[in-house]
Amino acid sequence: MPKILVIEDEESVRENLLDLLEAENFETVVAANGKIGLNMAMSEQPDLILCDMMMPELDGYGVLTALRQDPLTATVPFIFLTAKSAKSDFRQGMNMGADDYLTKPFTRNELLSAILNKLEKYANLRKHLSAIANKLTPRMQIVIENLHQTIKEKNFAGFEINYQPIVDINTGRITSAESLLRWQSTELGRVSPQEFIPLAESNGLIIDIGKWVLNTVCQQMRIWQDAGIYDLTIAVNLSAIEFNQPELITKIMYLISSNNIQPNCLELELTETMIMEDVNGAIEAMNTLRSLGVKIAIDDFGVGNNSLISLKQLPIDTLKIDRDFVQNINTDYRKSAITKNLIRLGHELNLKIIAEGVETEEELAFLRENNCDSIQGFICSPALPALEFYKLLITNKSLSI
């Protein structure tokens, strides 16, 4: 039974909300002001929060800001309830991270529809994160403690962004790169992204880490553009939690503007799995990002169940074929047949096709023969620190492949 926290200072409104929610079999907890509500959100861990906007001492904006800064509550769905109907109020609330905004008076159906929509949207995400959290080993716990400390102190000195070249298969020219996060922990040494990123996601820590990654990449893009490199696209991976943050669009707009970078040089990589959790919401966000000039890529394509069915409706620029399909593609008939069809279908939809994890001459020859556009993998280059990647750009823009 979902637990809903109601934060409302007007007793009559509070009682009406409780009656409605309990009639729908929701478990409810209630707070008469923002300060109490913030404490209860931390202790009760509700599945959703309904919060009045205008309250004494600590208003709804203050409650939301505090919740979004704490990893334990950063992903809890949050719906504003308010008598203020100005567009500016709505925009401010959504930009701060609210999931929805209901103007009083609202109907029973409007409230229930908003609640059920947000609960459903976050259900799959919570299930995934809970499964990870329930399997923690002692090492995992140390990793999480180190990540918590890093974010609490805002000290990201142990983190570094590496850049793996993406190369035109016909010319050998570096046309783009994927930014990849690396972490050197003072206590554990080098920690694999496959180890720490899922843990960061399961604890909400990925939100702060993701902000640092996006900011660092955009600053680096500005440095390279100042050095005369204007036509290089840099891809950044987004987690499901980051993609579902309501303030994502605003954050991207701010980074583009504050760093004065070309929007079409930034590409956001999403997985088909996270898109399929809420197709309509994902498509809306992707359309908005593309309207800003930002490119969208589907990463690890082919591993989901809905790949070919969903592809035609997604507003994307790039299709990245998962490395599992690339490895031994020249000897595995099923892999070769699937990859040929993915390349053909992608081209029919005017998408750029990138094959990931290319390591051998035989794999390269197959992809070239079947008109793949670009490749990424050790046959070209491993991921490199920013300075080494820059040296590669200015000394050898065409790789021998």
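## Helices H2 and H3

In this predicted model, helix H2 (residues 34-44) and helix H3 (residues 60-69) pack with their axes 9 Å apart and at an angle of about 20°, and since angles under 35 degrees count as roughly parallel, H2 and H3 are therefore roughly parallel to each other. The crossing of these two helices, H2 and H3, is right-handed.

On the side of H2, the residues that take part are Gly34, Leu38, Ala41 and Met42, and they meet Val63, Ala66 and Leu67 of H3. Sorted by class, the residues of the contact of H2 with H3 comprise six nonpolar, one polar and no charged.

## Helices H6 and H7

Another packed pair consists of helix H6 (residues 138-153) and helix H7 (residues 193-202), whose axes come within 10 Å and cross at roughly 70°. That angle makes H6 roughly perpendicular to H7, and the crossing of H6 and H7 is right-handed.

Arg139, Met140, Val143, Ile144 and Leu147 of H6 make this contact together with Glu195, Phe196, Leu199 and Ala200 of H7. In the contact of H6 with H7 there are seven nonpolar, no polar and two charged residues.

## Aromatic pairs

The count of aromatic pairs in the model comes to 12. For Phe80 and Tyr101, the ring centres are 6.4 Å apart and the planes stand at 70°, so the pair is edge-to-face. Phe80 belongs to strand S4 (residues 78-82) and Tyr101 to strand S5 (residues 100-103), so the pair ties together parts that are 21 residues apart in sequence.

Are these two residues buried or exposed? Phe80 is buried, with a relative accessible area of 0%, and Tyr101 is buried as well, with a relative accessible area of 8%.

## Trp183 and its cluster

One aromatic cluster is formed by Phe156, Phe159, Trp183, Phe196 and Trp212.

Leaving aside residues up to four places away in sequence, Trp183 touches Val143, Asn146, Leu147, Gly158, Phe159, Gly189, Arg190, Val191 and Phe196. Among these, Val143 and Leu147 of H6 and Phe196 of H7 also take part in the contact between those two helices.

Notes:
Residues numbered from 1 in each chain as written. Predicted model: local features only at pLDDT ≥ 70, side-chain atom pairs only at ≥ 80, totals over all residues. Heavy atoms only, no water. Axes fitted to C-alpha atoms, helices over the stretch in contact; angles between N-to-C directions. Helix = DSSP H or I, 4+ residues; strand = E, 2+ residues; numbered from the N terminus. Parallel < 35°, antiparallel > 145°, perpendicular 65-115°, else oblique. Left-handed = near helix turned anticlockwise from the far one by under 90°. Contact = heavy atoms within 4.5 Å. Nonpolar A, V, L, I, M, F, W, Y, C, P; charged D, E, K, R; others polar. Phe/Tyr/Trp six-rings, centres within 6.5 Å; stacked < 30°, edge-to-face > 60°. Buried < 20%, exposed > 50% of the residue type's maximum accessible area, 1.4 Å probe, protein only.
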